[in-house]
Amino acid sequence: MAASSVAFLALCLLLPLLLLSGWKRRRRGRAAQHVVIVVLGDVGRSPRMQYHALSLARRGFAVTFLGFCNSKPHDEVLQNDRIQIVKLMELQSLTVGPPVLRYGVKVVFQAVYLLWKLLWREPAAYIFLQNPPGLPSIAVCWFVGCLCGSKLVIDWHNYGYSIMGLVHGPKHPLVLLAKWYERFFGRLSHLNLCVTNAMREDLAENWHIKAVTVYDKPASFFKETPLDLQHELFVKLGRTYSPFRACSEPSGPATERSAFTERDTRSGEVTRLCGRPALLVSSTSWTEDEDFSILLAALEKFEQQAFDGDSLPSLVCVITGKGPLKEHYSRLLDQKHFQHIQVCTPWLEAEDYPLLLGSADLGVCLHTSSSGLDLPMKVVDMFGCCLPVCAVNFKCLHELVKHGENGLVFEDAEALAAQLQMLFSKFPDPAGKLNQFRKNLRESEQLRWDESWQRTVFPLVMDM
């Protein structure tokens with residue numbers, strides 16, 4: 001009796017899915033120009049998937065973008081008539097029960113909810129999925145593809161299990177389960193993209209997954225910022241963040257001044273201030289794979305060098321982003337009493353972030369990669385703005401940062417402090433290494449995302 005009840009219940013659950021999948025398959029004609037993009041994370045903080053959406057839309061596809069809406073995507077995405085963003089509800093962390101049970105409940109909820117959201121969309125020819133996070137989205141997207149005839153494309157940014165391992169340890173049962181899950185379901189996709197050659201080789205050797213390397217490239221809006229727009233940005237940020245405000249009053253009523261620039265309000269001419277501070281930018285998601293204690297220690301050494309009489313400028317250090325460790329490092333910053341350095345940690349609007357990178361003097365990247373196989377997109381964006389970078393070294397960083405050509409690679413705080421001292425000595429020195437790196441970036445004629453996507457991804461999608 002119990003067995004027949006279970007069978008009846010299973011039939012009741014499966015019958016609507018079978019009917020719905022049959023209905024969707026009959027509407028395949030409408031699916032040919034429709035793509036669903038799934039990010040089980042914040043759409044606004046998933047730039048690569050936003051770029052996929054824009055490139056697909058430019059080639060005539062209608063794009064449905066599913067994800068959390070915690071921060072604003074770029075205006076180009078929001079204003080594109082072919083892109084529809086569908087907000088996913090994010091289950092807040094449970095506060096009762098053991099951690100394994102809480103995690104299990106969250107995964108089950110996300111699986112059922114995502115399945116429901118996908119099945120009630122218009123049928124799609126392709127489902128583009130960002131991994132990580134891939135649990136439970138890989139299995140759900142594969143299942144929906146089986147029901148509706150959609151081809152699954154996984155874009156491997158990293159491994160989800162390796163990120164979990166930073167918190168729980170590599171041998172934790174949840175981490176081992178997540179690793180098995182990614183390997184098993186990752187093989188079921190129709191096309192795999194990845195961000196480095198090192199990841200492509202690792203997927204092939206250890207997981208028997210054939211992937212195509214699609215390097216991150218800067219979007220067209222990442223470029224050097226004209227001086228007048230720099231001034232407008234500094235004045236705007238100065239209303240909220242004191243490091244951007246002028247240290248002294250302007251020379252007359254017709255002058256508008258920021259910490260870095262000055263504008264004659266009559267002629268509109270903008271000039272850089274003599275003796276202005278240097279502007280250092282670092283962007284982060286404030287997670288375990290970025291050790292900001294390295295930057296704090298390097299800044300302390302830079303401060304001491306300035307006190308010792310080295311020819312160094314004052315420094316404004318801007319660290320952008322949101323994430324779980326922000327409060328921890330903010331408390332550490334509050335304990336510092338710098339006199340030559342000002343630090344602020346703003347969350348910037350999507351349109352202001354490229355302007356800030358295009359206005360800065362140096363970028364610093366502390367991303368180390370949980371797997372050692374992905375590359376920091378923040379450096380790609382900085383290079384798009386012709387911004388030289390100091391980046392902490394890890395396994396495949398050489399695929400992006402060429403030491404001594406477009407930036408510098410360091411191993412620890414001592415090395416970073418020495419690089420800051422060298423790069424900012426006699427700042428702003430037109431003959432200095434900082435300007436040489438910028439000149440090299442300008443002359444490199446970097447390929448932009450959409451052109452690269454047209455060459456690499458579009459032919460693969462059309463051949464599926």
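Two strands are taken as paired when DSSP finds at least two bridges between them. In this predicted model, the bridge partner of Glu262 is Thr271, which lies in S10. That pair belongs to the contact between strand S9 (residues 261-264) and S10, two antiparallel strands joined by 3 bridges.

S9 and S10 are part of an open sheet of 3 strands, whose order is S8-S9-S10 and whose pairing is antiparallel. Strand S8 (255-257) and strand S10 (270-272) each have a single partner strand and stand at the edges, so one side of each has no neighbour in the sheet. From one strand to the next, the twist averages 25 degrees. Strands of a sheet pair through backbone hydrogen bonds, in either a parallel or an antiparallel manner.

H6 covers residues 137-148, which makes 12 residues. From first C-alpha to last, H6 reaches 16 Å, close to the 16 Å expected at 1.5 Å a residue. H6 is mostly covered, with 9 of its 12 residues buried. The buried residues of H6 are Ser137, Ile138, Ala139, Val140, Cys141, Val144, Gly145, Leu147 and Cys148. Just after H6, Gly149 has a positive phi of about 75 degrees.

Strand S5 (residues 151-156) contains Asp155. Is Asp155 buried or exposed? Its relative accessibility is 1%, and buried means under 20%, so Asp155 counts as buried. The side chain of Asp155 makes a polar contact with the side chain of Arg48, at 2.7 Å. Leaving aside neighbours within four places in sequence, Asp155 is in contact with Arg48, Met49, His52, Leu129, Gln130, Asn131, Leu193 and Cys194.

Leu375 sits in a loop, between strand S14 (362-365) and helix H14 (377-384). Leu375 is buried because its relative accessible area is 10%, which falls under the 20% cut-off. Which residues is Leu375 in contact with, leaving aside its neighbours within four places in sequence? They are Val195, Thr196, Tyr215, Asp216, Phe394, Cys396, Leu397, Glu399 and Leu400. His168 is 207 residues from Leu375 along the chain, and their C-alpha atoms are separated by 23 Å.

With a relative accessibility of 66%, Asp463 counts as exposed, because exposed means over 50%. Asp463 and Val43 are 420 residues apart in sequence, and 28 Å apart in space from C-alpha to C-alpha.

Terms used
Residues numbered from 1 in each chain as written. Predicted model: local features only at pLDDT ≥ 70, side-chain atom pairs only at ≥ 80, totals over all residues. Heavy atoms only, no water. Helix = DSSP H or I, 4+ residues; strand = E, 2+ residues; numbered from the N terminus. Buried < 20%, exposed > 50% of the residue type's maximum accessible area, 1.4 Å probe, protein only. Contact = heavy atoms within 4.5 Å. Expected span 1.5 Å × (residues − 1). Polar contact = N/O pair within 3.5 Å; in protein donor to acceptor, adjacent residues only side chain to side chain. Axes fitted to C-alpha atoms, helices over the stretch in contact; angles between N-to-C directions.
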